[in-house]
Amino acid sequence: QTGEINPDTSTTKPSAGSGLPSGEDLPDSVDGLKALAVELGIKRTRMGWATCCPPSGTKNDIRRAVLDHLKLQPKTSTGPDAKREAAKSQAATKVASTQKPKDDKPKRGRGRPAGAGHTPEARRKIAASRRGKTWSKDIRDKMAQAKLGRELPTETRRRISASHLGKEIRNETRAKMAKRRKGRLHAQDVKERIRQSLLESYKKKRIMRESLDAALRQQLSDSNKERDLERRFKSPYEEMEALRKQMEPLIRQYRRLHGTNPTLGAAKKNFPSLYSSLVRYNELLEKTKNRPGRRTGGL
């Protein structure tokens with residue numbers, strides 16, 4: 001809407017009857033119209049242009065408000081007051097006409113538009129400018145206080161966990177992490193929390209181990225019971241199937257607890273009864289390995 005300011009039309013000429021500019025004498029520039037609106041009292045302090053010149057405070061709205069104001073002014077005879085007012089309006093319009101017109105294009109908001117990303121070159125420059133900088137202890141404490149007690153949603157935690165699954169840390173990275181943490185000491189309250197957590201974990205494992213061992217001792221208490229089993233079964237295949245059924249729930253619990261199947265060494269150390277059953281099962285497996293007939297396998 002703004003263009004080159006015409007000096008011939010930017011100055012106001014007082015009308016013969018009222019001493020105020022007429023519609024044809026209004027300035028063409030936005031600054032000239034604003035200066036005239038301030039001079040006429042249309043624009044008041046602490047009020048925006050959209051309020052003084054509705055609806056939007058644009059150039060056309062200011063022109064319309066000035067014309068409406070001039071229509072409401074009573075006609076007065078030319079006198080000292082009228083000449084003085086006309087001179088003031090003409091001076092204000094002349095000052096506004098000498099100023100550089102402002103661009104009426106809407107200003108762009110701060111920040112990047114939504115969805116716009118940095119170019120690779122911009123990313124390299126940002127990384128180079130931040131490389132080597134460290135946060136001070138005061139800033140780190142403030143950041144920690146801001147995040148203290150904040151809980152992530154379940155869906156966010158699930159996505160973070162899924163993104164870390166399957167990742168392996170290289171040996172070079174492990175060495176760097178160990179070197180950085182070497183000599184770092186935990187605070188007393190942190191040590192106490194770690195201690196309580198480990199005690200609770202060890203307690204759960206001990207209870208589970210005792211319950212498994214008690215269940216196994218109850219099922220396979222002594223060698224007499226094993227001999228009875230041998231006499232009761234008609235073939236080693238039937239005995240192996242019975243041992244498999246007896247140990248299957250206990251092995252499942254061990255797998256949930258430790259994440260792997262029990263080995264002979266682990267069973268001998270933690271579950272003596274399970275160890276004896278596994279030894280017996282392996283003996284029967286060796287006996288039936290080269291026999292024709294049913295096909296057997298391990299647990």
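Let's start with charges. A search of the whole structure turns up 11 salt bridges. Keep in mind that this is a predicted model.

Here are some of those pairs. Look at helix α7, which spans residues 137-147. The side chains of Asp141 and Lys137 form a salt bridge there, at 3.2 Å from N to O. Both residues sit in α7, four residues apart, about one turn of the helix. How exposed are these two? Asp141 is partly exposed, at 38% relative accessible area. Lys137 is exposed, at 55%.

Now a second pair. Asp138 and Lys142 also meet in a salt bridge, this one at 3.9 Å, N to O. Again the helix is α7, and the two are four residues apart, so about one helical turn separates them. Asp138 is partly exposed, with 46% relative accessible area. Lys142 counts as exposed, at 56%.

Move along to helix α10, residues 188-219. Asp189 and Arg193 pair up here in a salt bridge at 3.9 Å, N to O. They are four residues apart in α10, so the gap is about one helical turn. Asp189 is partly exposed, at 46%, and Arg193 is exposed, at 53%.

Salt bridges can also join up. Glu155, Arg158 and Arg159 are linked in a network of them.

Back to α7 for a moment. What kind of surface patch do Trp135, Ile139 and Met143 make? The patch is nonpolar, and it covers about 310 Å². Ile139 belongs to helix α7. Its relative accessibility is 36%, so Ile139 counts as partly exposed.

Now step back to the whole fold. How many helices and strands does the protein have? There are 14 helices and zero strands. The chain has 299 residues, and 21% of them count as buried.

Next, the inside. In soluble globular proteins, nonpolar side chains tend to be buried together. Here, the largest nonpolar core has 14 residues. Leu243, Met247, Phe271, Leu274, Leu278 and Tyr281 touch the most other members. Which elements give two or more residues to this core? They are α12 (236-258), α13 (264-270) and α14 (272-287). Helix α12 gives the largest share, six residues. Another core lies apart from it, with 12 residues, including Leu26, Leu33, Ile62 and Leu70.

Now the cysteines. A disulfide is a covalent bond between the sulfur atoms of two cysteines. This structure holds zero of them. The cut-off for a disulfide is 2.5 Å. The cut-off for buried is under 20%.

One last stop, just along the chain. Pro54 and Pro55 are joined by a cis peptide bond, with omega near 5 degrees. Where is Pro55? Pro55 sits in the loop between α3 (49-52) and α4 (59-72).

How values were computed. Residues are numbered from 1 along each chain as its sequence is written. This is a predicted model: local features need pLDDT of at least 70, side-chain atom pairs count only at pLDDT 80 or more; totals for chains, interfaces and linings use all residues. Side-chain values use heavy atoms; hydrogens and water are left out. Buried means under 20% relative accessible area, exposed over 50%, partly exposed in between (1.4 Å probe, protein chains only). Patches are made of residues with over 30% relative accessible area and no salt bridge: like charges are joined within 9 Å, nonpolar side chains (Val, Leu, Ile, Met, Phe, Trp, Tyr) within 5 Å. Accessible areas come from the Shrake-Rupley method with a 1.4 Å probe; for residues, only the protein chains shown count as cover. A salt bridge is a side-chain nitrogen of Lys or Arg within 4 Å of a carboxyl oxygen of Asp or Glu. A nonpolar core is a set of buried Ala, Val, Leu, Ile, Met, Phe, Trp, Tyr and Cys residues joined through side-chain atoms within 4.5 Å.
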